[in-house]
Amino acid sequence: MVTLKKAFLKAGVVTEKQLQQMEVRQHQDKVQKQKHQQAVQKQKNLDQQKDEKKHTHQIRALCDACEKTSSDVEFYRHKNLSLDKYWLCLNCADNHSIHDQFRETSQSFHAKTGMFIRRYGPTLKGSGTV
Ligand SMILES: [Zn+2]
């Protein structure tokens with residue numbers, strides 16, 4: 001069977017050298033395309049990571065008093081002068097005898113899932129519900 005390549009060569013349409021150059025160029029195109037696809041995929045992954053970061057950032061989970069993350073951190077506009085921190089976990093709010101009436105948010109995971117229960121004083125339902 002005579003290949004197209006050989007037919008071209010025989011007919012003198014192309015030289016061996018030209019064919020080689022063509023093959024090299026085709027290979028380069030292929031590599032270039034693969035590189036491009038990899039770059040696109042990488043960018044997609046980055047975008048996804050950004051979205052995930054943005055998502056977790058919407059809920060504040062860091063307690064300013066004990067500097068630990070907790071799933072029950074809320075904002076308390078309290079008047080306890082011995083404490084100048086306002087984003088508090090449930091433990092710190094209880095320990096500093098901060099009444100639930102000063103709570104302005106219900107943004108924590110525990111508040112949203114109904115697991116937010118104060119030990120100091122009553123737990124006010126709907127406090128700071130946004
Ligand atoms: Zn705390």
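**Entry: the core**

I looked up the largest nonpolar core in this predicted model. The core has nine residues. I listed them as Cys 63, Val 73, Tyr 76, Leu 88, Cys 89, Leu 90, Cys 92, Ala 93 and Ile 98. Which helix gives this core its largest share? I found that H3 does, with three residues.

I then picked out Cys 92, one of the core residues. Leaving aside residues up to four places away in sequence, I see that Cys 92 touches Cys 63, Ala 65 and Cys 66.

**Entry: the overall layout**

I counted helices and strands next. The protein has four helices and two strands. Reading along the sequence, I wrote down the pattern α-α-β-β-α-α.

How much of the protein counts as buried? I got 12% of the 130 residues. I also checked contacts between residues at least 6 apart in sequence. Of those, 45% join residues at least 24 apart.

**Entry: helix H1**

I went to helix H1, residues 4-11. How many of its eight residues are buried? The count is zero, and I noted H1 as hardly covered. After H1 I came to Gly 12. Its phi is positive, near 75°.

**Entry: Asp 94**

I returned to helix H3, where Asp 94 is found. Is Asp 94 buried, exposed or partly exposed? I counted 15 other C-beta atoms within 10 Å, so Asp 94 is partly exposed. The cut-offs are 20 or more for buried and 12 or fewer for exposed.

Which residues does Asp 94 touch, not counting those up to four places away in sequence? I found Arg 118, Arg 119 and Tyr 120. I looked up the spacing to Tyr 120 as well. Asp 94 and Tyr 120 are 26 residues apart along the chain, yet their C-alpha atoms are separated by 5.1 Å.

I kept a general point in mind here: most residues other than glycine have a negative phi. Then I looked up two residues with a positive value.

Glu 67 is not a glycine, but its phi is positive, about 60°. Where does Glu 67 lie? I placed Glu 67 in the loop between helix H2 (16-57) and strand E1 (74-75). Glu 67 has 10 C-beta neighbours inside 10 Å, so I marked this residue as exposed.

Ser 97 is also a residue other than glycine, and its positive phi is near 50°. I found Ser 97 in the loop between helix H3 (90-95) and helix H4 (109-112). Ser 97 counts as exposed because it has 12 C-beta neighbours inside 10 Å.

Terms used
Residues numbered from 1 in each chain as written. Predicted model: local features only at pLDDT ≥ 70, side-chain atom pairs only at ≥ 80, totals over all residues. Contact = placed C-beta atoms within 7 Å. Core = buried A, V, L, I, M, F, W, Y, C linked by C-beta atoms within 7 Å.
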